[in-house]
Structure formats: C-alpha cells, structure tokens
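Here are my notes for you to read alongside the model. Take the points in order and keep the structure open while you go.

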Amino acid sequence: MTRALILLRRRLVGSIFVLLIVVIGTFLLLEAAPGDAVDAYIVSTGGDAGMIELLRHRWGLDQSELTRLANYLWALLHLDLGQSVTFSRPIRDVILERLPNTLLLMVSATALSFGLGSALGIYAGARPGSVRDRFLSIGSLALYAVPGFWLGLVLIVVFAVDLRWLPIGGIETLASDKTGLDRATDIAIHLVLPVSALGFIYLALYLRMMRAGMAEVWRQDFVLAARAKGLSRRRIVLAHVARNALLPLVTMLGLQSAQMLGGSVVIESVFSVPGLGRLAQEAVAARDTPLLLGIILTSAVLVIVINLLVDIAYAFLDPRVGAGEAGA
Amino acid sequence: MSPVRRFLSTPEAVAGTILLTALIAMALSASLLFPGDPQAIAGPALLPPFQDWSLPLGTDRLGRDVLAELFHGARTSLAVGLAAAAAALAVGSVVGTLAGFAGGLVDEVLMRITDAFQTVPSFLLALAFVSVVGPSLGIVVIAIALGTWTGPARVARAEVLSIRERDYVASARAIGMHPLAIAFREVLPNALPPVLAMSSVIVAAAILTEAALSFLGLGDPNRVTWGGMIAEGRAVLRTAPFLSIVPGIALVLTVLGVYLAGEGIVETTAVRRGLS
C-alpha cells in the first residue's frame with residue numbers, strides 16, 4: 001500500500017508541472033488567434049465601437065497578455081474556467097454537462113476493445129502460425145487501417161438506414177421522458193453504433209499486442225517447465241502465457257486514453273452525441289477560444305487521472321514493479 | 001538473397017508494395033489523366049457509378065467527377081502523410097537526441113514538454129491549431145506533426161542513452177569534438193534505425209488524421225481530400241451512400257498498404273541483423 005502511495009505522490013508532483021506547461025502553451029497558442037471573444041460576440045449580437053471598447057474592458061481583454069495569463073491561472077486555482085461566449089454560461093458548467101456522455105462512450109469503447117481484443121488475441125496466440133492466427137492477424141491489420149469516422153458512417157448506412165435496427169444518432173430519444181431502466185436501455189441502444197465505431201480500431205490494436213506478447217512468452221523457460229510438468233495446453237495458455245502477456249496491454253490502456261479522447265471528437269460529430277468532443281467542434285466553429293481552452297485542459301486532466309489509475313493498477317498486478325522503477 | 005528479393009518474399013510485403021505503387025501512380029498521374037480543376041462541374045449531379053463510361057464512378061452532389069476527385073485526393077493524402085511524418089520524425093529525433101545526450105536539466109525540461117504534448121489528445125491539439133491559424137496544406141502538416149513527434153522523441157532518447165556510453169563517443173570527446181557535433185554526427189545517425197522503424201505507423205496515423213480533419217471541414221478548402229469527399233457524401237448518405245463509401249475504401253487501402261509495406265521492411269531488416 002505504501003508503495004502505491006509513494007508512486008501516487010511522485011506522479012502527482014510531476015503532473016502539476018505537466019499541466020502548467022499545457023495551460024501556458026495552450027493559452028499562448030489560442031492567444032495567437034486572430035480576433036478575440038469580443039469579436040465573436042459582436043458578430044453574433046451586433047454592436048458599435050463603443051460597445052466593443054466597453055466589453056473588452058469588462059472582460060479584461062485590454063490588459064497585457066501576461067496579466068491575462070496570470071488572471072487565468074489564478075481563476076483556474078478556484079476551478080473557474082471563465083465564461084463561454086456562445087453559451088452565455090460558465091464554461092465549467094457547460095463542460096461538466098457534456099463530460100458524462102464522453103466518459104460513457106470512452107469507458108464502453110475501452111471495455112469492448114480491451115475485452116474482445118484480448119480474448120481474440122489469446123485465441124490467436126494460443127496456436128501461433130495456425131490458420132486462425134494468420135486470419136485474425138491479417139483481419140486485425142485491415143481493421144486497424146479503417147478510419148473510425150468512416151466506419152461510423154458505414155455502420156449508419158447498414159444498421160440505421162437499411163436495416164433500421166438502431167437509431168441514427170443522438171444519446172437518447174428526445175422528449176421521451178423515459179426514466180430509470182427504460183432510459184438506461186434507450187441510452188445503451190443509442191450507444192451501440194458509436195461505441196463500435198470508436199472501439200473496433202482499438203480492438204485490433206489490443207488483439208495484435210496480445211498476440212505479439214504471447215509469441216514472446218511462448219519462448220520463455222517457464223513455459224517449457226510448465227509443459228514438462230505435464231500441464232494441459234489450455235492451462236498453459238491461460239494461466240501462464242496469456243497472463244504474462246496481459247500486463248503490457250494494461251499500460252497501453254493508459255497510453256491510448258488520449259488517442260481515444262481525440263477519436264471521440266470525430267465519432268461524437270458523426271453520431272451527434274452531445275459530448276466533450278462535439279463541444280470542441282462547436283467551440284471551433286463559433287471561435288469560442290476560452291471554451292476550447294477549457295476543453296483541452298479538461299482532457300489533459302482526464303488523461304493524467306486515467307494514467308495515474310493505470311499505474312496504480314499496474315503496481316498491484318505486477319509485484320516486480322517498485323515505486324522507483326515505475327516513476328522512470 | 002538480395003534485400004529487395006528478401007523483402008518481396010513475404011506475401012504481406014508484396015500486397016503492401018502493390019497497394020502503395022498503385023497509390024503513388026494515382027497521385028502522380030492525377031493531373032495527366034484528369035487535367036483541369038477536379039472541383040469543377042463535370043456532369044449531372046448524383047450520377048450513380050458505372051452508368052456513364054466518361055464518368056465511371058459517377059458524380060457527387062454538385063456534379064463533380066468522383067474518379068477525378070479520388071485521383072487528386074490521393075495526391076493530398078500522400079503529400080500530407082509523408083510531409084507530416086517526415087517533420088515528426090525529424091523534430092522527434094532532434095529533441096530525443098538533445099535530451100538523451102545532454103542529460104540533466106535539459107533532459108528534464110525537454111521530457112516534461114514531451115509529457116505535456118502527450119497529455120493533450122493530439123487530435124484536439126491539431127483541431128485547435130488549424131482553427132487558430134487557418135486551414136491550408138502546410139498548416140495541416142504542422143498540426144499533425146505537433147501531435148506525433150513525441151513517440152520518435154522517446155524512442156530516440158532511449159537509444160541515445162545507451163549509445164552515449166560507447167567507446168567511440170568517448171574517443172570523439174577525447175579528440176576534442178564539439179558536444180553538439182558528437183550528438184548530431186556520431187550519436188544521432190546510430191540512434192536512427194529504431195526511430196525509422198516507426199515511420200510506417202506514423203505515416204499511416206498522419207494520413208488518418210488528415211482525413212479526420214478534412215472530414216470536420218478543417219482541411220485545405222482549395223484541395224480535394226478524401227476526408228472532405230466523405231463529409232460531402234454524408235449529406236446524401238441515405239440516397240447515395242457510395243459517395244462516402246468509395247473515398248473511405250481508398251483511405252483504408254492506402255493505410256493498409258503503408259502498414260503492410262512497413263511490416264515487410266521491419267521484418268527484412270530484422271532478418272539482416274540476425275534478430276529473427
């Protein structure tokens with residue numbers, strides 16, 4: 001337990017520096033954008049030069065860049081991300097409203113890709129070089145080459161337009177006032193296609209990693225020892241080979257979280273899921289830079305938290321990992 | 001066996017080479033076979049494929065020739081993919097070499113910056129960058145490279161850490177070579193092989209990211225892109241799904257070709273170095 005705590009503390013200290021770099025870097029990048037929040041606001045509402053001056057002063061946009069960065073960091077310490085121009089509401093509230101949908105999408109897609117991917121990987125890796133191994137290997141490579149947003153459109157054409165089995169988009173049936181289990185089922189049905197589109201690509205990744213990992217483990221001495229002991233092939237595969245090949249996949253879970261968050265931007269746009277990714281696209285379209293900044297920061301925090309959880313899980317799963325090594 | 005024949009001895013590598021050759025031929029012949037603006041109107045709108053042999057793959061919502069767009073799109077995909085990957089590999093190996101060779105504070109600072117870039121989802125970063133600077137081919141290349149240089153940087157650093165203790169580096173120091181000259185003339189070239197082994201994955205990822213950006217309307221508006229074609233077709237997905245499906249298949253075959261050829265190259269070099 002203490003080992004995990006030491007690990008946690010080291011990681012937290014490092015994360016604060018990383019977050020600071022992210023905040024300052026993104027702030028300066030978005031500062032470079034032509035036009036500011038007032039321009040965006042005036043375009044949507046109209047107003048004269050006096051109004052522009054007044055708004056710039058009120059929102060603190062007439063101050064120097066450094067002052068504004070300092071103000072932003074100070075507000076951030078109070079978990080204040082500022083005001084969204086497009087939504088006329090605090091950015092924190094807008095993001096918190098959208099975040100659960102994205103998390104639901106990501107967690108389901110991860111469960112699908114990790115579960116099915118490692119299972120198929122074990123199935124392929126149990127008999128290296130066999131027909132099913134080659135078939136799954138080439139199939140997963142082909143799947144890995146498919147762009148998620150295009151897969152999403154193909155799924156829509158087949159399952160929503162032609163067969164009419166599943167809804168075409170959205171997170172739930174609008175204005176249906178369903179509650180409890182009915183609502184959960186409704187959301188689950190809406191999530192089938194987006195989760196598949198997002199998850200299948202990573203499924204291929206986990207399958208390939210599992211297969212490659214097992215190929216390495218097969219060559220090790222303890223597998224030979226297990227064979228010499230006369231263990232059944234099934235037991236060798238599951239208890240020895242697959243178990244040892246599973247660990248790198250757990251690390252991959254954390255590394256892929258940033259990729260998956262990026263992928264959900266496009267998937268949410270294809271399926272009109274009101275999540276963080278679609279919000280990012282809306283922010284880009286409306287030139288709402290403070291909102292975009294808030295979304296990028298939230299994603300960064302999310303990625304850090306996921307990686308922290310994965311590291312802790314790893315420390316428990318693999319007794320060889322000391323706090324010192326894991327920090328490197 | 002010569003390296004080329006060894007490379008072509010695996011069916012995967014052969015398939016990859018065929019796919020890539022076809023793609024490059026498409027990209028190079030685009031202006032010859034389809035001179036003029038591929039975004040110009042060529043016939044009636046929404047002509048289905050295989051109806052009129054002067055427009056074999058039919059036309060889109062605005063009456064543009066789908067086959068011409070496909071050929072010109074190959075050019076954009078390939079150019080952006082290769083340029084972004086080259087930029088990412090170059091920046092990554094320079095940063096990784098500096099961090100690994102200098103060590104100490106330089107290493108610490110560079111690696112925390114690398115961490116920061118890996119913490120922000122690279123697609124979100126590309127989206128923000130393009131929306132700030134404005135969509136053009138060069139900007140899209142930079143935006144993609146921004147999110148992909150970190151992998152090569154880490155690999156290069158790890159490699160440099162093991163190389164910098166070797167004897168020939170020590171002797172380069174002894175004869176009074178400038179540290180930067182040692183880093184970039186002696187160490188970097190020897191650290192490159194594992195970095196270059198990543199190139200097929202990076203090219204593939206760059207092609208997919210470009211497609212996703214242009215799908216969201218953030219590609220260069222003056223060029224035909226496969227992602228843009230898929231987005232165009234989305235408006236008539238119910239009546240003319242082929243408009244979205246055809247450029248997607250081109251995209252899948254391209255990325256698959258890159259992966260297969262890349263795996264073939266890695267396997268060939270592994271055999272040569274006696275690793276397999």
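**Notes on the two chains**

1. Start with a stretch of chain A: residues 103-123 are 100% helix and 0% strand, with the end C-alpha atoms 29 Å apart. Helices here are DSSP runs (H or I, at least four residues), strands are E runs of at least two, and both are numbered from the N terminus. UniProt, in an unreviewed entry, marks residues 103-123 of chain A as a "transmembrane region", along with 12-30, 135-161, 187-207 and 291-317. UniProt positions follow the numbering used here, feature names are shortened, and annotations may be inferred rather than shown by experiment. Residues 291-317 of chain A are also 100% helix and 0% strand, and their end C-alpha atoms are 39 Å apart.

2. A word on what you're looking at: this is a predicted model, where local features need pLDDT of at least 70, side-chain atom pairs count only at pLDDT 80 or more, and totals for chains, interfaces and linings use all residues. Residues are numbered from 1 along each chain as its sequence is written, while chains are lettered from A and ligands numbered from 1 in the order in which they are written.

3. How confident is the predictor? The score to know is pLDDT, its confidence in each residue from 0 to 100. Chain A averages 82, with 92% of the residues at 70 or above, and chain B averages 86, with 97% of the residues scoring at least 70. For the model, ipTM is 0.86 and pTM is 0.87.

4. Treat one bit of chain A with care. Two residues are in contact if their C-beta atoms, placed from the backbone, lie within 7 Å.

5. Where do the chains touch? In all, 38 residues of chain A contact 34 residues of chain B. H10(A) gives the largest share of chain A's side, eight residues. By class, that side has 31 nonpolar, seven polar and no charged residues. (Ala, Val, Leu, Ile, Met, Phe, Trp, Tyr, Cys and Pro count as nonpolar, Asp, Glu, Lys and Arg as charged, and the others, Gly among them, as polar.)

6. Over in chain B, an unreviewed UniProt entry has "domain: ABC transmembrane type-1" covering residues 74-262. That span is 83% helix and 0% strand, and its end C-alpha atoms are 19 Å apart. UniProt's "transmembrane region" feature includes residues 78-102 and 195-219 of chain B. Residues 78-102 of chain B are 100% helix, whereas residues 195-219 of chain B are 76% helix.

7. Now a helix pair in chain B: the axes of H6 (residues 137-148) and H10 (residues 199-215) come within 10 Å and cross at roughly 130 degrees. Axes are lines fitted to C-alpha atoms, for helices over the stretch in contact, and angles run from 0 to 180 degrees between N-to-C directions. H6(B) and H10(B) are therefore oblique to each other (under 35 degrees is roughly parallel, over 145 roughly antiparallel, 65 to 115 roughly perpendicular, and the rest oblique). Val140(B) and Ile144(B) of H6(B) are among the residues making the contact, as are Ala205(B) and Leu213(B) of H10(B).

Notes: pLDDT is the predictor's confidence in each residue, from 0 to 100.
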